[in-house]
Amino acid sequence: AIFASEFKSLNMEHKDLNRLKLVLVEKKRTGTWLAEQLGVSYVTVSKWCSNITQPTLSKLDRIAELLECEKKDLIND
């Protein structure tokens, strides 16, 4: 527990860059569905949803298209 709290304090600068997880819920879609549509692994989509990694701009375009939303809806200010 101590390590976890220390790790969290070291990561205070970490900010969620994308809102993919929220938009998937709003659109009633799953990470598995999105992975299948994009031809990527579920693990990749999971990392995007957790903000561990970020999709490329071209993938972000495709995600917005698939989820019928604007790119700006997928990104935090």
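Start by selecting Glu68, which sits in the segment after helix 5. The model is predicted. Glu68 follows helix 5 and has a positive phi, near 50 degrees. Show the surface at this position: Glu68 is exposed, with a relative accessible area of 68%. Glu68 and Lys27 are 8.7 Å apart in space, although 41 residues separate them in sequence.

Next, select helix 5, residues 57-66. Which of its residues are buried? Colour Leu60, Ile63, Ala64 and Leu66, the buried residues of this helix. Turn the view to look down the axis of helix 5: the buried residues fall within an arc of 160 degrees, so they line one face of the helix. An α-helix has 3.6 residues a turn, so residues three or four places apart point the same way. On the face turned away from the buried side, pick out the exposed residues Ser58 and Glu65.

What do the buried residues of helix 5 pack against? Show helix 2 (20-26), helix 3 (31-38) and helix 4 (42-49), which are their packing partners.

Then display the largest nonpolar core, a set of 17 residues. Leu20, Leu34, Ile63, Leu67 and Leu74 touch the most other members. At least two residues of this core come from each of helix 2, helix 3, helix 4 and helix 5. Ile63 was already coloured as a buried residue of helix 5.

Finish on Leu67. Leaving aside residues up to four places away in sequence, Leu67 touches Leu20, Val23, Leu24, Lys27, Arg29, Trp33 and Leu74.

Note on methods. Residues numbered from 1 in each chain as written. Predicted model: local features only at pLDDT ≥ 70, side-chain atom pairs only at ≥ 80, totals over all residues. Heavy atoms only, no water. Buried < 20%, exposed > 50% of the residue type's maximum accessible area, 1.4 Å probe, protein only. Helix = DSSP H or I, 4+ residues; strand = E, 2+ residues; numbered from the N terminus. Arc of directions from axis to C-beta. Contact = heavy atoms within 4.5 Å. Core = buried A, V, L, I, M, F, W, Y, C linked by side-chain atoms within 4.5 Å.
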